[in-house]
Amino acid sequence: MQNRTYTADADPGDSVTVAGWVHEVRDLGGIAFLILRDKSGKIQIKLEKDEMDEDLVETGLDVARESVIAVAGEVKEEPRAPTDVEIVPESIDVMAEADTQLPLDPSGKVDAELSTRLDNRTLDLRKEEVKAVFEIRAEILRSARDAFRELGATEINTPKIVATGTEGGTELFPITYFGKEAFMNQSPQLFKQLMVGSGLERVFEVGPIFRAEEHNTPRHLNEATSIDFESAFFDHTEAMDACEHVVKSAYEGVAENCERELELLGLADEFEAPDGEFPRLTYEEAIERINATGELDEQLVWGDDLPTEGERALGDDVGEHYFITDWPSEIKPFYIKDHDDDEQLSTGFDMMHPRMELVSGGQREHRYDHLVEGFEQQGLDPDQFEYYTKMFKYGMPPHAGWAIGGERLVMTMLGLDNIREAVLFPRDRQRLSP
Ligand code: ATP
Ligand code: AMO
C-alpha cells in the first residue's frame, strides 16, 4: 500500500488512507466510533448515521473486532477524541474479516493465561505492552551490536548442528545427520575460540543455543539466544570490562530509544542504566556473604555450586549487577584457564543480576597440553574434539570471552516474571509449537 499513512502521522487537514485492525466499535446511537489500531498507535474513525453514506456506516458498524481494514478520509481536529484527532471516512475497505470468536482479547480487557497467550502469539502481540517487550528486545540487540563494534569485534555465525557438545553431555539434543549421530549445539564456545586463532581475533555472535534441560523453571529455556564474545590477547579482567560495556550499552540504548515502550510497561520512572563499575566479588567472598545472610539451611563450603536460593540471597545483599570471580577450578568447564599461581582457582567468572546469573565467561586454556589434560579430567574424549584441539598446536593466542543469556537480559531488565515472556515462540519441555 503505497499511499498508506500510519495513524500516528495523521495530522488535521490531511487526506489519508490508514490501515490496520479494528480495535473497538462503539455505537452511541446517532453516532458511532470505530477505533483503528496500527503499529504506530490508534485513531478514531467517526461514523455519523444521518450524515454519511448508509453503506459506509453499515460496513463500519458490522465489521468484527480485529478485522483488517483500510479507511480513506479526512483528518479533523477533535478534542474529544482520544488522540485529539479523528478521521471522517470516505471509504472503508474490509481487507480481512476476523472471526467473531477470538481465542484471546487483544484489547487486553480480558486477561489471558501465559499459555493461551503463547498459543496465540500473533494476537497477543497486538497488545501494545507485549509488543513493547519485543521492540525493547530488538533495541537491546541493536545496542549490543553497536557496543561490539566499538570493541572492534566482528560478527560471526557458527554451526548449530554439531558432532560434539561442550557444556556437559547430559543436556544435548541428539539428531540424526545422514545416518550419523549429531547434536543441536549448546554453545558456540569451541567455534568462537577457533576464531580468535584465526585472522579475525575478536568476534561476537548472536544466535540460538539448544539445551535439553530437564527442569521447568521461569528462567530456563530449551532454545535460548546466546550473545557470545571472544577475544584474542584478552585476560579474564579485560573480558569482564567488555562484558560490562556491552550490558551497560544495552541498558543505555533502551533508556534512550525506548521511552514509549518503557512507559507502556510502567517502567518509565524507575528505569535507569547501571552506572559505576559492577562490584567484583571472589567466589570465596560470595559464599561467605551468602552464609552470613542465614537464608540457607546448610552453610556453603568451598567447591559448592551456588544454589538458586543462595544466588538470590546474595543478589538481595549486593543489590546491583556484580561479578563472581575466582571460582574453584573443579566446577568450571575444561576450557577455562586456572590461575597461573594456583591450579585450584579458575579465571572463570559469572556476571549476576540480583535475580539470577546473566553471563558466564573466563580466560581460556590456550596451551595444548593443558587443554588435552582438561578434557580427560572432565571425562571427555579428546579425540572427539580433535578438530578443535589440533588448532591449539598451530599458534593459539591467549584469549578470553563470555556469553550473555539474551532472554535473561531482557527478562531482568524489564522485571518479567517468566523468561517465556521474552521469547516470541518459546521452546520448553511442554512447548514445541507454535
Ligand atoms: P549455568 O549457566 O551454569 O547453566 P544456570 O543459572 O543456567 O547456570 P543451570 O546450572 O543451567 O543454571 O541449572 C541449574 C540451576 O537451576 C541450579 O542452580 C538449580 O538451582 C536450578 N534448578 C534446577 N532445577 C530447578 C527446578 N526444578 N526449579 C527451580 N530451579 C531449578
Ligand atoms: P553458560 O552455560 O553459563 O556458559 O551459558 C551462558 C549464559 O546463557 C544463559 N543460559 C540460558 N538461558 C536460558 N535458558 C537456558 N537453558 C540457558 N542456559 C544458559 C545464562 C548463562 O549465564 N560457553 C559458556 C560461555 C563462555 O564461557 O563464553 C556458556 O555457554 O544467562
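A nitrogen atom of ligand 2 is 3.1 Å from an N or O atom in the side chain of tyrosine 335. The model is predicted: local features need pLDDT of at least 70, side-chain atom pairs count only at pLDDT 80 or more, and totals for chains, interfaces and linings use all residues. Residues are numbered from 1 along each chain as its sequence is written, chains are lettered from A and ligands numbered from 1 in the order in which they are written, and side-chain values use heavy atoms, leaving out hydrogens and water.

**Around ligand 2**
- There are 22 residues around ligand 2, each with a heavy atom within 4 Å of the ligand.
- Gln189, Lys192, Arg211, Glu357 and Arg364 come nearest.
- An oxygen atom of ligand 2 lies 2.6 Å from a polar side-chain atom of arginine 211.
- For arginine 364, an N or O atom of the side chain is 2.7 Å from an oxygen atom of the ligand.
- UniProt, in an unreviewed entry, lists Glu167, Arg211, Ser360 and Arg364 under "binding site". Its positions are given in the numbering used here, feature names are shortened, and annotations may be inferred rather than shown by experiment.

**Arginine 364**
- This residue sits in the loop between β17 (356-363) and α10 (368-377). Helices (H or I, at least four residues) and strands (E, at least two) are DSSP runs, numbered from the N terminus.
- Arginine 364 counts as buried because its relative accessibility is 1%. Buried means under 20% relative accessible area, exposed over 50%, partly exposed in between (1.4 Å probe, protein chains only).
- Setting aside neighbours within four places in sequence, its contacts include Glu230, Tyr335, His399 and Trp402. Contact means heavy atoms within 4.5 Å.
- Its side chain also makes a polar contact of 2.7 Å with that of glutamate 230. Such a contact is a pair of N or O atoms within 3.5 Å; within protein, one must be able to donate a hydrogen and the other to accept it, and residues adjacent in sequence count only if both atoms are side-chain atoms.

**Strand β3**
- In β3 (residues 41-48), six of the eight residues are buried.
- Eight bridges join β3 to the antiparallel strand β2 (residues 31-38). Strands pair if DSSP finds at least two bridges between them.
- Two residues separate β2 and β3, which form a hairpin.
- Lysine 42 in β3 is the bridge partner of arginine 37.
- β3 also runs parallel to β5 (residues 85-96), with two bridges. Here isoleucine 45 stands opposite isoleucine 87.

**Cysteines**
- The disulfide count is zero, where a disulfide is a pair of cysteine sulfur atoms within 2.5 Å.
- Cysteine 243 is buried at 0% relative accessible area, and cysteine 258 is buried at 3%.
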